[in-house]
Amino acid sequence: MTVTSPTVAAVAAGPAGLNRITADDDLFFKLHSLYPNALVNQLAYRFDERLDPELLQRWHAHLATGFIARRVRTTRFPIARAHWEPATESLPVIWSATPLPDDAVLAWFLEQAAVEFDPERGLVWQLAGAHTESGGTVVTLVASHVACDGGGMMHAIVDSLDRLNRGETPDRGASAGSLVGPVAGSGRFAADLADARGQLRAVARGVRAARRARGVSEPARNPRPAEPRLPHAETWQAAETIVQVDLADWDAVAAANGGTTNGLLIGVAVGLLGRSGRVADGADVRVDVPHSMRVADDPRANATTGLPISVTYRAGERADLPAIRAALKAAGLAYRNPETIPPIQHLQPVQMLLPKVVLHKFARTAKAPECLCTNMGRTAQNIAVLGAHRARDVIMRPVVNPGPVDLFRQIEVGVNLAFSCDDNTVTLVVTGGDPDRFPTRAALQELLAAEFTDWGLTPRFW
């Protein structure tokens with residue numbers, strides 16, 4: 001979780017104009033060596049008609065000179081921050097030669113997220129496509145979280161599609177790729193030295209701010225119950241499903257219960273977590289809500305803060321949407337004031353000084369969010385057109401790739417919900433990361449259908 005302000009974009013370049021990495025970039029980059037590609041972002045399309053594979057090649061060329069075409073270049077000084085430089089190579093387009101059965105589309109999307117990325121070479125994203133047996137096309141773009149958060153990926157997609165659809169030629173200087181930053185030249189040594197000094201000053205400021213905020217705390221998370229412990233293979237894929245409802249129905253239910261779109265999303269998530277047995281009746285659930293701090297011409301790969309709130313789960317009852325709305329408002333106000341930001345957030349400059357071996361030690365005992373809710377709003381309609389074709393469905397989601405089943409238990413993964421919509425349809429990507437509460441997609445869908453029914457919503461599962 002990153003705490004930033006709009007002024008960060010103005011100074012992100014640092015000395016000598018280099019685009020220095022953020023604390024989140026640094027964290028994801030270091031963790032990449034411990035859990036390679038554990039977290040990636042994915043955009044996925046379904047088209048009703050067959051697209052020419054050459055269209056994907058042309059889109060690829062724009063992406064390869066765009067905002068996510070970046071690589072991490074490390075520094076000569078341990079204290080100085082690494083920086084971004086334009087990537088000069090990229091992973092090729094993957095095209096499936098055999099048309100997919102329509103009931104295999106979701107599984108195909110999941111498979112495409114398993115990519116071996118290399119942030120130091122700039123191999124941080126991949127485009128793939130396939131025709132379906134019914135005559136349609138599916139397309140997916142996956143990107144490492146090292147190189148972009150959801151907002152950064154959206155910026156790259158919007159810019160590259162706009163240029164493609166206008167018939168322009170790929171051009172790093174004329175596209176959002178110009179924001180990635182320059183290649184370090186002969187002044188790199190002096191720039192790194194100046195940045196090292198700046199980081200030491202940032203550490204001192206952070207420590208002072210942390211001391212002033214030492215009485216501030218965040219909502220606690222619930223410990224994961226030890227039982228039951230279901231039999232699983234050593235490597236486990238988190239249960240995941242995609243569900244859609246009419247936007248008019250979603251908005252009507254939210255309004256009727258005194259809440260908002262965001263509140264209903266959180267209410268469904270908390271209800272799902274409680275139904276699974278992960279939290280007890282009356283428990284206060286910590287919900288983390290990502291909030292973009294991205295501004296115009298922002299060069300940062302990751303520019304997101306998190307708003308943690310506490311929501312009470314009551315068995316047999318719907319979540320209190322007015323209370324959720326009030327909690328979100330209070331969290332937003334608190335994170336605007338340094339004196340009400342928890343101390344750990346002020347210490348991000350210190351975090352960046354930690355060597356990988358120390359960070360790895362902390363990471364092995366760190367815990368994942370028990371409930372993460374991401375609302376990307378009406379993003380789908382902004383990126384639905386590829387060439388002359390409009391997608392029937394567009395989804396964007398954070399991906400949790402397969403891993404050791406005991407790791408999921410150890411870091412206590414809960415539920416992740418990603419919301420997006422167009423003018424007519426809400427699309428939710430739901431991930432159940434607890435192998436003993438959401439052992440299969442069928443089990444996840446059963447719990448989700450029951451939660452939707454209690455809210456008076458009718459789910460349509462992919």
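## Helix H3 and its cap

In this predicted model, Asp52 caps the N-terminal end of helix H3, with a side-chain oxygen 2.9 Å from the backbone nitrogen of Glu54. Such a polar contact is a pair of N or O atoms within 3.5 Å; within protein, one must be able to donate a hydrogen and the other to accept it, and residues adjacent in sequence count only if both atoms are side-chain atoms. Helices (H or I, at least four residues) and strands (E, at least two) are DSSP runs, numbered from the N terminus.

H3 covers residues 53-63, and its buried residues are Leu55, Leu56, Trp59, His60, His62 and Leu63. Seen down the axis of H3, these buried residues fall within an arc of 160°, so they line one face of the helix. The arc is that of the directions from the helix axis to the C-beta atoms. Buried means under 20% relative accessible area, exposed over 50%, and partly exposed in between (1.4 Å probe, protein chains only).

## Basis of the model

This is a predicted model, in which local features need pLDDT of at least 70 and side-chain atom pairs count only at pLDDT 80 or more, while totals for chains, interfaces and linings use all residues. Residues are numbered from 1 along each chain as its sequence is written, and side-chain values use heavy atoms, with hydrogens and water left out.

## The five-stranded sheet

Five strands form an open sheet in the order E5-E6-E7-E2-E15, with mixed pairing. Strand E5 (94-100) and strand E15 (393-400) stand at the edges with a single partner strand each, so one side of each has no neighbour in the sheet. Neighbouring strands are turned by 20° against each other on average, direction ignored. E5 and strand E6 (residues 125-132) run parallel and are joined by four bridges; two strands pair if DSSP finds at least two bridges between them. Trp95 has Gly129 in E6 as its bridge partner.

Helix H4 (residues 105-112) packs on the sheet, touching E2, E5, E6, E7 and E15, and its direction makes about 30° with that of E7. Helix H5 (residues 150-165) lies across E2, E7 and E15 and runs at about 40° to E2. Axes are lines fitted to C-alpha atoms, for helices over the stretch in contact, and angles run from 0 to 180 degrees between N-to-C directions.

Strand E4 (residues 83-86) pairs with strand E1 (residues 19-20) in the antiparallel sense over two bridges. Four bridges join E4 to strand E3 (residues 70-73), also antiparallel. From E4, His83 and Glu85 point one way and Trp84 and Pro86 the other, and all are buried.

Phe77 lies in the loop between E3 and E4. Leaving aside neighbours within four places in sequence, Phe77 is in contact (heavy atoms within 4.5 Å) with Phe189, Asp192, Leu193 and Ala196.

## Salt bridges

The structure holds 32 salt bridges, each a side-chain nitrogen of Lys or Arg within 4 Å of a carboxyl oxygen of Asp or Glu. One of them joins Asp195 and Arg81, whose closest N and O atoms are 2.7 Å apart. Asp195 lies in helix H6 and Arg81 in the loop between E3 and E4, so the pair ties together parts 114 residues apart in sequence. Both Asp195 and Arg81 are buried.

Glu451 and Arg275 also meet in a salt bridge (2.6 Å, N to O). Glu451 is buried, at 5% relative accessible area, whereas Arg275 is partly exposed, at 31%.
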